[in-house]
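Hello,

Here is the structure I promised to pass on. Please have it open while you read the notes below.

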Amino acid sequence: MIKLRYLLIVLFLFCCNCLFAQSVPAWGGGADQSDQSFGFTFSYISSYYKIDKNADWRKPFIDNEGTKVTDSLRSINSPNAQGFAVGFLSRYNITDHLEARIAPSLIFADRSLNYIYNTSSLNTIKSVQSTMIDIPISLKLKSDRLGDFRAYVMGGVKYSQNIGSRSNPNANVAQLDKVIRNVSGFASYEVGIGCDIYFEFFKLSPEIKLSNSFGDVLLHENSAFSNPINRLSLHTLMFTLYFE
C-alpha cells in the first residue's frame with residue numbers, strides 16, 4: 001500500500017507538470033475527436049475477503065464418520081494479496097462530459113484465508129488460486145478540460161468469471177488437504193476517480209477504484225475450512241493505467 005501511495009504522488013506531480021508546462025493543448029492522438037475510441041489497460045490489484053462467520057464457527061470439525069478432524073478455531077482472517085491485470089478498452093461518448101466504457105480484462109490475483117486453531121500445529125493458510133475474466137461496464141463523468149488535464153469520477157458494475165480451475169479438486173482428498181473454492185461467476189459494483197492526461201499521440205488515464213462483490217462468493221462444501229464461514233465477499237482496490 002505504501003508503494004502505491006508513492007506511485008500516486010509521483011503521478012500527481014507528473015500531471016501538474018504536464019498541465020502547467022505546455023501552453024498549447026496536446027492532441028491526445030485524436031481520442032476525443034470521435035465518439036468511439038479504443039485502447040488497452042494495465043492494472044495493479046490488491047484484494048482480500050470480508051468474512052462473515054457462522055454463529056458456531058469456533059467448534060471443531062467432525063467428519064461424516066464421526067472423526068474429529070480439527071481443534072477449536074481461534075480466528076479466521078484474510079490478508080491483502082496482490083495481483084495484476086491486462087485488458088482492452090472500448091469507450092463511447094454520450095455527451096461532452098459523459099462516456100460509457102467497457103474494459104474486459106484478464107485477472108491474475110490469488111487470495112488466501114488464514115485459519116488459527118487452539119492447537120498451533122493445525123494452523124494453516126488456504127490459498128484461493130484464480131485466473132478470472134472481468135467484464136466491467138461503467139459510466140465516466142468528466143470535468144472540463146484544463147490544458148492537458150481533465151479529472152473524472154466513474155461508477156459501474158462488472159461480472160467476473162473464473163477460468164482455468166479444476167472442476168472438483170476436493171474429490172477423494174483428505175479433509176485437511178481440501179481447498180477453498182469460489183463460485184464460478186459473480187457480480188460486483190465499483191467506484192473510482194481518475195484523470196485524463198493528453199500527450200501528442202495518445203491519452204493516458206490513471207485511475208484508482210474500489211469494488212465490492214454482491215452476495216456470497218464462497219462455494220459452500222462440507223469441509224473443515226468452508227463450514228465455519230457463512231459468507232465471503234471480495235473487496236478489491238485497483239490502480240489502472242488506460243492508454244488510448
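How many helices and strands are there in the protein? There are one helix and twelve strands. Both are DSSP runs, numbered from the N terminus: helices are H or I with at least four residues, strands are E with at least two.

Two points on the source. This is a predicted model, in which local features need pLDDT of at least 70 and side-chain atom pairs count only at pLDDT 80 or more, while totals for chains, interfaces and linings use all residues. Residues are numbered from 1 along each chain as its sequence is written, and side-chain values use heavy atoms, with hydrogens and water left out.

Overall figures

The protein has 244 residues, and 45% of them count as buried (under 20% relative accessible area with a 1.4 Å probe, protein chains only; exposed is over 50%, partly exposed in between). The protein exposes about 12600 Å². Carbon and sulfur atoms supply 60% of that area (Shrake-Rupley method, 1.4 Å probe; for residues, only the protein chains shown count as cover). Take the contacts (heavy atoms within 4.5 Å) with a separation of 6 or more: 73% of them join residues 24 or more positions apart.

Strands S2, S6 and S7 form an open sheet in the order S2-S6-S7, with antiparallel pairing (two strands pair if DSSP finds at least two bridges between them). Its edge strands are S2 (73–77) and S7 (124–128), and each pairs on one side only. On average, neighbouring strands here are turned by 15° against each other, direction ignored (axes are lines fitted to C-alpha atoms, for helices over the stretch in contact; angles run from 0 to 180 degrees between N-to-C directions). Five bridges join S6 (residues 111–117) to S7. Asn-114 stands opposite Ile-125 in S7.

Two residues in S11

Ser-211 lies in strand S11 (residues 203–213). Ser-211 counts as buried because its relative accessible area is 4%. Not counting residues up to four places away in sequence, Ser-211 touches Lys-158, Tyr-189, Glu-190, Leu-234, His-235 and Thr-236. Leu-234 is 23 residues from Ser-211 along the chain, and their C-alpha atoms are separated by 8.0 Å.

Asn-212 is also found in S11. Asn-212 is buried too, with a relative accessible area of 14%.

Best wishes
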